[in-house]
Amino acid sequence: MKLALFLMATLASTSTLAQQCNIDSAHLKADYKITNTHNHEQSTQSLTLWRNNSQVAHQREVITELWLHLANKQIRPIRYFNAQQRGIEYQPSEVRGIQTWSAKNQLVDAHLIEKMTLLNTQGTGCDEVKNYALTQGDNQFKLALFTKSNLVKSFSVMNKKSHTHTTLNLNDVSSDKAEITAQFAKWDRFQTTDYADIGDNENDPFLAKMINLGFIEHSATGFYNQQGKAIQGGHHH
């Protein structure tokens with residue numbers, strides 16, 4: 001009898017532990033795979049989401065977009081060019097479009113999630129996932145979100161009309177604070193130019209090339225805005 005009681009007590013304490021989650025959601029590195037399908041043609045790209053308190057970065061192969069959440073709730077972006085170790089700093093007023101922190105921090109705007117229907121909740125503790133769905137016009141959205149860390153596990157947008165399907169899938173998560181701090185410190189050492197000063201630096205070969213490629217003008221990014229549109233920023237032709 002004592003053993004049974006002991007086992008019950010142990011199970012109770014284990015389940016209590018399972019429901020708690022000590023993950024530090026302010027310091028995370030999350031690796032994603034983005035798959036775009038259009039009329040059976042498929043392309044993939046990788047994206048790493050970095051969180052470091054009031055800083056968030058979306059790292060892609062060529063460019064890293066970093067945002068600083070200011071005390072006045074405005075968002076100041078820096079666009080880094082990984083290979084060249086150069087960056088362009090923008091003021092919040094120089095960015096077109098609405099900037100929402102949730103779209104940067106969790107890749108899907110909180111306003112869009114609010115419109116969705118919660119289907120079910122799975123798992124406990126750090127592994128608790130909420131599954132959502134929404135049909136809006138020709139678009140069908142599906143979202144699986146880790147509740148405790150506000151981290152997208154998977155997100156898909158399907159458009160019946162254009163036969164396009166975009167999926168975002170989480171591959172790996174790390175909360176190694178030293179690695180995260182070191183990465184942000186590395187970006188901080190890149191040589192940066194203020195967007196306002198670019199006109200005075202047109203003889204800089206790097207800046208001339210970036211102006212030419214259309215990488216300089218900065219539009220709002222953060223993946224999925226409140227309308228559920230994929231917002232890829234800054235590369236305009």
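**Exercise 1. The start of H4**

Task: In this predicted model, find which backbone nitrogen a side-chain oxygen of Asp176 reaches at the start of H4.

Solution: 
- Go to the start of H4 and pick out Asp176.
- A side-chain oxygen of Asp176 comes to within 3.1 Å of the backbone nitrogen of Ala178.
- The cut-off for a polar contact is 3.5 Å between N or O atoms.

**Exercise 2. The two sides of H4**

Task: Work out which residues of H4 are buried, and what they pack against.

Solution: 
- Start with the length. H4 has twelve residues and spans 16 Å from its first C-alpha to its last, close to the expected 16 Å.
- Next, list the buried residues: Ile180, Gln183, Phe184 and Trp187.
- These residues cover an arc of only 95° around the axis, so they sit on the same side of H4.
- Turn to the other side of H4. Ala178 and Asp188 are exposed there.
- Now look for neighbours. The buried residues of H4 pack against strands S1, S2, S3, S4, S5 and S11.

**Exercise 3. Aromatic pairs**

Task: Classify the ring pair Phe141 and Phe155, then the pair Phe184 and Trp187.

Solution: 
- A ring pair is described by the distance of the centres and the angle of the planes.
- The model holds seven aromatic pairs.
- Phe141 lies in strand S9 and Phe155 in strand S10, 14 residues apart. Both Phe141 and Phe155 are buried.
- For Phe184 and Trp187, the centres are 5.2 Å apart and the angle is 90°. Angles over 60 degrees count as edge-to-face, so this pair is edge-to-face.
- Phe184 and Trp187 are three residues apart in helix H4, so about one helical turn separates them.
- Phe184 has a relative accessible area of 6%, and Trp187 has 1%. Buried means under 20%, so Phe184 and Trp187 count as buried.

**Exercise 4. Positive phi**

Task: Decide whether Asn39 is buried, partly exposed or exposed, and do likewise for Leu107.

Solution: 
- Asn39 is not a glycine, yet its phi is positive, about 50°. Asn39 sits in the loop between S1 and S2.
- The relative accessibility of Asn39 is 44%, so Asn39 is partly exposed.
- Leu107 is not a glycine either, and its phi is about 75°. Leu107 lies in the loop between helices H2 and H3.
- The relative accessible area of Leu107 is 0%, so Leu107 is buried.

Note on methods: Residues numbered from 1 in each chain as written. Predicted model: local features only at pLDDT ≥ 70, side-chain atom pairs only at ≥ 80, totals over all residues. Heavy atoms only, no water. Phe/Tyr/Trp six-rings, centres within 6.5 Å; stacked < 30°, edge-to-face > 60°. Helix = DSSP H or I, 4+ residues; strand = E, 2+ residues; numbered from the N terminus. Buried < 20%, exposed > 50% of the residue type's maximum accessible area, 1.4 Å probe, protein only. Expected span 1.5 Å × (residues − 1). Arc of directions from axis to C-beta. Contact = heavy atoms within 4.5 Å. Polar contact = N/O pair within 3.5 Å; in protein donor to acceptor, adjacent residues only side chain to side chain.
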